Amino acid sequence: MQRRSRTYLEGATFDLREHAKRHGARWDTDRKLWYVLGEVPELLANLVRPSSSNEDDAMSTHHRTEQQKAGILRQAPADDAQSDFFVPGIYEVAGKESRSIMDVAVFRLSKKDKRASTVLHYELSDGYVEVKSGTDGMATVWDYDIVLMAISHLTESMNRYIAGTGDKPGRQFRPHVSEILKFCRKGNGGKQTDSIVAALDRLKTTTLKISRSSTGRNGRPKNAVQAEGLINSYKVVSYNDNDKVESVEIELPGWIYDEVVESKRPDVLTVHRDYFLIEAGLGRFIYRLARKAAGKSSARWSFKTVYERSGSTGSARKFSFSLRALIESNDLPEYSLVEEKGLEGPILVMTYRGGA
C-alpha cells in the first residue's frame, strides 16, 4: 500500500469504473480522473498515476489541509487492508412504503449527550417513527455500525442460500470482535474492544416503534404498529485472565430478519466503505439521507426539514451552522453538497458525483 492524501489513477476510465468504485476510488469531476483518499488498495496500485508536476503535489497538499481542517473523514487504521468486502448498509424497513426510516435519525448523532430515557418522535405522512432509549443511553450512529455489519452478514448468507451454496440463515450472528472492528474500519485496540460491549447495551435498550397507515383490500383504512430493539439480545465471550472480548453473539430483531430473509423483495442499499470513516454524526446522517433521497441523481431538502429529521436537541441556528460547515468542506463519499436559497429558507442540494 502507498500512503498519499489524494492519489490519482490512470486507466480507470468508463470500462473500469466499477472496479475503481468497488475498491474505494472517487471521481474528480474537474480533472476527469479517478482518485483514492489515503492508502491505495493493492488492487488499484497498478493504476496509480505518476505525479509529473508540482501542480499535483500542490493540489494534494491543499486537499489534505482542507480535509484536516474540516475533519470529515478520520484516517483509516494502519491494518485497514480490506480491499473487497461486502457492505450493504443503510437499511429500509418493510419495503417501499417504509423508505422514510432512512430519512430520520433512529440514533443520536452526538457522542457527548447520552440522552438516557428519552424519546425521539418523527411525524410522517403515513404514520410516525418513535425512538426510545433506556438507562444506558440512546444508541449512537457509530453503535449502529454493528447493525450494518449484521445486515451485511445476513444479506450475504441469504444470497448464498438462494444460489444453493449455503443454508438458510438464522437470527443469530456470531462475529469475532476483530471482525467487527475490521468491518467498521477501527483499530484493534483494548479500548475499542471494550467499547463494543457498551455499544451492544445501548443497541439492545434503544427501541424503534414504527406506525404505518394503509388501506386494506376492502377499502377500510388500517394501522400497523411494530416495536423492537435495534438488536434483540446479545452474549459476550471474554477471557478470564485479561477480560478481553473474544467474540459476541447477536440475535437480530424480527424487523431486520423478516425483511432480509422472509421478504420476497428485500430492500437493502449499499454504502461507500468510507462511510465508516466519517467523523461527524451529522456527516453520517447527511450521507444516509443523500443515499436514500438522491440515490444516483440529486435531491433537495430544506434546512428546516433536515433539522427536524436529525433528532438534534440544539438550536436550529447552531444546526444550520454545522450543516454549512459540512457543505463548505464538501467531502462526503459519493455526494456533493450545495446550499441554495428557497422561498421559505435555505435548501440543501445533495447530488451524486457519478450522476448526470
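Tutor: Let's begin with a pair of helices: the axes of α7 (residues 281-293) and α8 (residues 303-310) come within 11 Å and cross at roughly 110°. Keep in mind that this is a predicted model.

Student: Okay, but how is a pair of packed helices described in general?

Tutor: You give the angle between the two axes and the distance between them. In our case, the angle makes α7 and α8 roughly perpendicular to each other, because 65 to 115 degrees counts as that class. As for handedness, α7 passes α8 in a right-handed crossing.

Student: Which residues of α7 and α8 meet there?

Tutor: From α7 you have Phe285, Ile286 and Leu289, and they meet Val306, Arg309 and Ser310 of α8. By type, the residues of this contact split into four nonpolar, one polar and one charged.

Student: What span should α7 have, going by its number of residues?

Tutor: Count 1.5 Å a residue, and the 13 residues of α7 should span 18 Å. The C-alpha atoms at its ends are 18 Å apart, which agrees.

Student: And is α7 enclosed or open to the outside?

Tutor: Here the cut-off is under 20% relative accessible area for buried. On that basis 12 of the 13 residues of α7 are buried, so the helix is largely enclosed by the rest of the structure.

Student: Let's move on to α8. How does it pack against α9?

Tutor: α8 and α9 (residues 316-329) have axes 10 Å apart and pack at an angle of about 105°, so they too are roughly perpendicular to each other. On the α8 side, Phe303, Val306, Tyr307 and Ser310 make the contact, while α9 brings Ala316, Phe319, Ser320, Leu323, Arg324 and Ile327. That contact divides into seven nonpolar residues, two polar and one charged.

Student: Last topic: how do I read a positive phi?

Tutor: Most residues other than glycine have a negative phi. A glycine case comes after α7, where glycine 295 has a positive phi near 60°.

Student: Which residue other than glycine has a positive phi of about 60°?

Tutor: That is arginine 185. You'll find arginine 185 in the loop between α4 (177-183) and α5 (190-205), and its 4% relative accessibility makes it buried.

Student: And where is Asn330?

Tutor: Asparagine 330 lies in the loop between α9 and β14 (335-342). Its phi is positive, about 50°, although it is not a glycine. At 28% relative accessibility, asparagine 330 counts as partly exposed.

Key:
Residues numbered from 1 in each chain as written. Predicted model: local features only at pLDDT ≥ 70, side-chain atom pairs only at ≥ 80, totals over all residues. Heavy atoms only, no water. Axes fitted to C-alpha atoms, helices over the stretch in contact; angles between N-to-C directions. Helix = DSSP H or I, 4+ residues; strand = E, 2+ residues; numbered from the N terminus. Parallel < 35°, antiparallel > 145°, perpendicular 65-115°, else oblique. Left-handed = near helix turned anticlockwise from the far one by under 90°. Contact = heavy atoms within 4.5 Å. Nonpolar A, V, L, I, M, F, W, Y, C, P; charged D, E, K, R; others polar. Expected span 1.5 Å × (residues − 1). Buried < 20%, exposed > 50% of the residue type's maximum accessible area, 1.4 Å probe, protein only.
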